[in-house]
Amino acid sequence: MEEEEHCFYFSKKMKIILFSLLIALNLVLRTPFFSHEYGSDSFVIHILGNSISEFGCAQWWINKLAIVGLYPYSECSAVPFVLSGISQTTGIDMEHVILLFCIFLGLLNVFAAYIMAGEIIDDDLFKFLVAFGLSTSPAILNYLTWTITMRAPFIALLPLFVYILLKCRTYKLRYGFLTLILSTLLFLTHHLAYFLIPVFIGYFIVVISYKLKSHVKSIKIPEKYITFALIIAFLVMFAIPFQTGRLIIDVGSRYVAVNNLFLSNLPRYIGVLGIFAIGGVIYLLFRPNKSFGEWSLLFIMLFLTPFLYVQTYMKWFIPCFIFPFVGIGLINALKTDERKKKYAILVVIILLLLSVSFSGFYQHWRTKGGSVYLFEGYMKETTYTTGLWVKENIDNGSLISNDIMLGLRVFAVSEVPLFTGADTIDQVYGFGDVNELELEKKSITEEDYWLNGPYRIRSGESEIYRQEILRNYEYYERSKYNFTHVIEDKRLHGLFTYHGVQPSKFLYHIYDKKDCIYDNGNINIWIL
């Protein structure tokens, strides 16, 4: 390793060694200790991918807005199409397509983070630290380990988008076209694409200021005044949602929102290294002669600041922009005199190990309500074998389950239609019909108008029908549905899940009048 002008540069051999180790670390962290797919949304996407392979089209495309998931009973379309395409061309079952796709996206994120960091600061150690921190952060690992949601490809591709955007200044036509294509893909992937707008705003302000500086050389504003203005701007941007109550959509209290932001969401999804971002921000604010990439990072972060309160989404989006500050903080920690350098290196190595340990813990364990849960949310072997049994033994069937997650998982494996209560799936398989819904137009000033589309469902949701059916057998007899089998989670004997658990007269009627044709100890299948 060489050091020139306070920058760290690696030899080609050292780069190969470090990248090999980082790739190996990512593969180890993504090696599942469970035998099947994880998550809840993942099985929804899994089923939608299956439906495209089965029908040859997206059955939820009943309106142009449905393509981008902004119409009732629809989802963003990119991910199911990609999964279906991979499965059909390779012949690999959807469950293992999801596993391989997550591994691919995880490794892509390593290289995307590295080249993005290089556009901000040309320093090999900085680039490696950003790639290390982002690719092994809980936010990235959590959604890219044998679970697929619409957010997963988005957060994996986001560093690549930032890299291409920053390159537009040098190669306008080529990278401008790539930026347009990738922006469109991201918009088709998840509604997080709305947060690209403040990214564009921050970037273009820096571009315009550089243009003005080159054309109007008589205007020279001392950098210390700009720094002072930026500090004030950050404080104002952070205070806007706090004072107005706008954008605090996750919790009712603005004080709770701030508490959750700094003591829960950011530490949980960024990890141990996040503390260095504070030093990185302060250092970059006061650093003289900042580069174009550094100015861009500061202004992008400035315009993203008000959206930090949108914690449901920003905890996945913001790590891409926080880890460059983390890298700057870590580099500064290593820039000490020779007598203290070995101690600084030791401390940084320990913190990197702690960071990996923290991320590894949250890969397979969960904390909730002061307790620790192991392997929560993974599809159990009994569920998988039930799905296989249904696939092999029930032809032209129509199912319903007393447990929503059990139903989704059995449906994903079996590919036999099941009334899930998940609106898009029910639309695709004929259990729901968006044309029967009573819709209400939202106000264009509502945040939800932009995040989830211009229409609100007033009545007619499929999950309500599912609730009424499982609550009372007489309602089922009067309904339009004609199920052939019931999948029962035996742990919920006589109960069904719907925003908690509720008693089910439907199940007690089944117990008295119908026959159980399958029992693996945890799951029963009753024939209607």
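This report walks through a predicted model, starting with a sheet and moving on to some charged side chains.

## The five-stranded sheet

Let's begin with the strands. Five of them form an open sheet with mixed pairing, in the order β6-β5-β9-β13-β12. The edges belong to β6 (418–419) and β12 (515–519); each has a single partner strand, so one side of each has no neighbour in the sheet.

Look at the β6 end. Strand β5 (residues 399–401) runs parallel to β6, and two bridges join them. L399 has L418 of β6 as its bridge partner. Helix α21 packs on the sheet here, touching β5 and β6, with its direction at about 80° to that of β5.

Another helix to look for is α17 (residues 381–393), which lies across β5, β9 (485–489), β12 and β13 (523–527). Its direction makes an angle of about 25° with β13.

Now find R466, which sits in helix α21 (residues 462–471). R466 is buried but has no salt bridge: the nearest side chain of opposite charge is D403, 6.5 Å away. To be a salt bridge, the nitrogen and oxygen would have to be within 4 Å. Setting aside residues up to four places away in sequence, R466 touches I400, S401, F419 and Y498, among others.

D426 is buried and has no salt bridge, and its nearest side chain of opposite charge is R466, 7.7 Å away. What does the side chain of D426 make a polar contact with? The partner is the side chain of S462, at 2.8 Å. Beyond four places in sequence, the contacts of D426 include L418, F419 and F431.

## Charges that do pair up

Across the whole structure, a search finds 12 salt bridges. One of them joins the side chains of E119 and K167 (3.8 Å, N to O). This pair links distant parts of the chain, 48 residues apart: E119 is in helix α4 (residues 94–120) and K167 in helix α7 (residues 151–167). E119 is partly exposed, with a relative accessible area of 26%, while K167 counts as buried at 14%.

Is each one buried or exposed? R491 counts as exposed, at 71% relative accessibility, but D489 counts as buried, at 4%.

Finally, K127 and D122 meet in a salt bridge too (3.8 Å, N to O). Both belong to a network of salt bridges that links K15, D122, D124 and K127. K127 is buried at 10% relative accessibility, whereas D122 is partly exposed at 48%.

Methods: Residues are numbered from 1 along each chain as its sequence is written. This is a predicted model: local features need pLDDT of at least 70, side-chain atom pairs count only at pLDDT 80 or more; totals for chains, interfaces and linings use all residues. Side-chain values use heavy atoms; hydrogens and water are left out. Helices (H or I, at least four residues) and strands (E, at least two) are DSSP runs, numbered from the N terminus. Buried means under 20% relative accessible area, exposed over 50%, partly exposed in between (1.4 Å probe, protein chains only). Lys and Arg count as positive and Asp and Glu as negative; His and the chain ends are not counted. Contact means heavy atoms within 4.5 Å. Two strands pair if DSSP finds at least two bridges between them. Axes are lines fitted to C-alpha atoms, for helices over the stretch in contact, and angles run from 0 to 180 degrees between N-to-C directions. A polar contact is a pair of N or O atoms within 3.5 Å; within protein, one must be able to donate a hydrogen and the other to accept it, and residues adjacent in sequence count only if both atoms are side-chain atoms.
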